[in-house]
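Me: I have a model open and would like to go through it with you. Could we take it one region at a time?

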Amino acid sequence: MEMDYTVPVIAGDGVGPEIIAEGKKVIEAAARREEFQVTWIDFPHGTEHYLKTGETLSHQALEELGKYRAIYMGSLGDPRVPAGVVEMGIILKTRFYFDQYVNLRPVKLLEGVDTPLKDKGPKDIDFVVIRENTEDFYIGLGHRVKRGKNHVLLDLQRQEYRARFDIDVETSSEEIGFHLGIISKEGARRIIQYGFELARKKGKNKVTCLDKANVLASMYNFWREVAEEVAQGYPEIQLEIMLADAATMWFVKNPERFQVVVAPNLFGDIVTDLGAMIAGGLGMAPGGNINPEGTSMFEPIHGSAPKYAGQNRANPIATIWSGALMLDFLGETKAADRIVWAIEQTVMEKKVLTPDLGGTAGTRDVGDEIARKVAG
Ligand code: IPM
Ligand code: MG
């Protein structure tokens with residue numbers, strides 16, 4: 001029986017709609033070739049929708065999205081609203097609501113793509129970062145206090161504070177901001193185990209686990225203990241413990257030492273931008289937000305690049321590649337491999353590339369070229 005996948009799409013802001021259009025095009029080409037069906041459901045969510053309705057992503061929208069196994073997302077963020085509104089209101093809300101605890105981010109330099117690392121090539125830069133995606137400093141447990149009267153009235157409802165801050169403290173040096181990070185035993189276990197399982201599945205023999213146990217000891221000694229515990233179940237795989245700051249050095253100096261890297265949320269966020277750069281730039285970096293038993297979401301790791309919106313200039317490869325990760329998740333591995341192969345061919349030929357990769361082609365040309373190769 002021919003499979004028919006219904007996939008909700010949030011194209012989002014900036015270059016989002018353009019890159020998603022190319023992603024859909026390529027996935028459709030793969031579907032025709034491998035004989036399955038894809039039906040898209042376009043969701044309007046993003047900054048424009050927020051400005052019109054005041055809603056980022058409603059509970060109702062989340063429930064609707066939750067009927068499907070995979071969501072395809074473009075990019076979010078727009079200077080018309082303060083930083084964080086749509087990022088937190090849509091991207092993080094989706095990750096958290098669906099408990100997409102695995103953020104899978106391949107760092108793979110394709111043949112034909114330049115890396116800024118001297119003397120390094122595709123055989124040296126080929127690993128995957130498994131970023132924990134639901135805990136750490138991302139849980140939203142933070143506040144600003146002693147902030148001056150207007151804000152204090154908003155933040156703190158208690159009369160005594162109001163009285164105190166009615167004195168003009170707009171420029172108070174007493175202001176405090178804080179965020180708390182948490183790591184739970186189960187949260188650490190499931191992500192580290194996912195990393196080891198992936199290593200086993202791919203025949204790798206090392207998992208590198210990042211932390212900062214030398215300073216944030218309570219949190220990361222705990223994480224480290226869980227890593228050591230999990231590693232015992234995988235005697236054929238070496239556990240390498242690495243401090244997150246040192247990891248940024250090794251990503252640059254010796255990327256070939258990495259196979260599977262598991263990182264807590266915030267460190268994972270940071271090292272994957274670095275990973276993207278050594279693998280050819282943000283235009284090349286795909287990502288998946290995975291709940292193995294639930295609804296997952298696939299998006300490029302780059303932002304919405306508002307200044308390039310509508311210019312047919314953005315590199316769609318990260319989004320197309322994210323589409324391949326999505327097909328892989330859905331079980332269409334042949335189609336997924338075919339797309340990655342077509343991306344590889346396209347960058348190797350260097351004929352149809354966007355300006356970030358040194359070419360002169362447009363977003364649509366790159367999508368057309370990859371789709372044509374996928375079709376074969
Ligand atoms: C990423 C982004 C997001 C994050 C932002 C946009 C919320 O930087 O996907 O890496 O911090 O996770
Ligand atoms: Mg990031």
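Me: Let us begin with H11. How many of its 14 residues are buried?
Reply: H11 is mostly covered, with 13 of its 14 residues buried. Buried means under 20% relative accessible area, exposed means over 50%, and partly exposed lies in between, using a 1.4 Å probe and protein chains only. Please note that this is a predicted model: local features need pLDDT of at least 70, side-chain atom pairs count only at pLDDT 80 or more, and totals for chains, interfaces and linings use all residues. Residues are numbered from 1 along each chain as its sequence is written, chains are lettered from A and ligands numbered from 1 in the order in which they are written, and side-chain values use heavy atoms, with hydrogens and water left out.

Me: What span does H11 reach, first C-alpha to last?
Reply: Helix H11, residues 317-330, reaches 20 Å, close to the 20 Å expected at 1.5 Å a residue. The expected span is 1.5 Å times one less than the number of residues. Helices (H or I, at least four residues) and strands (E, at least two) are DSSP runs, numbered from the N terminus.

Me: Which residue follows H11?
Reply: Gly331 does, and its phi is positive, near 100°.

Me: Why does Asp119 count as exposed?
Reply: Asp119 counts as exposed because its relative accessibility is 69%. Its place is in the loop between strand E4 (102-108) and strand E5 (126-132).

Me: On to the ligand. Which residues are around ligand 1?
Reply: They are Glu87, Ile91, Leu92, Arg95, Arg105, Arg131, Tyr138 and Asp269, where a residue is near a molecule if one of its heavy atoms lies within 4 Å of it. Helix H4 (residues 85-97) gives the most to this shell, with 4 residues.

Me: What are the distances from its oxygen atoms to polar side-chain atoms?
Reply: An N or O atom in the side chain of Arg95 is 2.7 Å from an oxygen atom of ligand 1. For Arg131, a polar side-chain atom lies 2.8 Å from a ligand oxygen, and for Asp269 the distance from a polar side-chain atom to an oxygen of the ligand is 2.8 Å. The protein covers 77% of the 320 Å² of accessible area that ligand 1 has on its own, with areas from the Shrake-Rupley method with a 1.4 Å probe.

Me: Last topic, Glu369. Buried or exposed?
Reply: Glu369 is buried, because its relative accessibility is 11%. The residue is found in helix H13 (residues 363-375).

Me: Which side chain does the side chain of Glu369 make a polar contact with?
Reply: That of Lys373, at 2.4 Å. A polar contact is a pair of N or O atoms within 3.5 Å; within protein, one must be able to donate a hydrogen and the other to accept it, and residues adjacent in sequence count only if both atoms are side-chain atoms.
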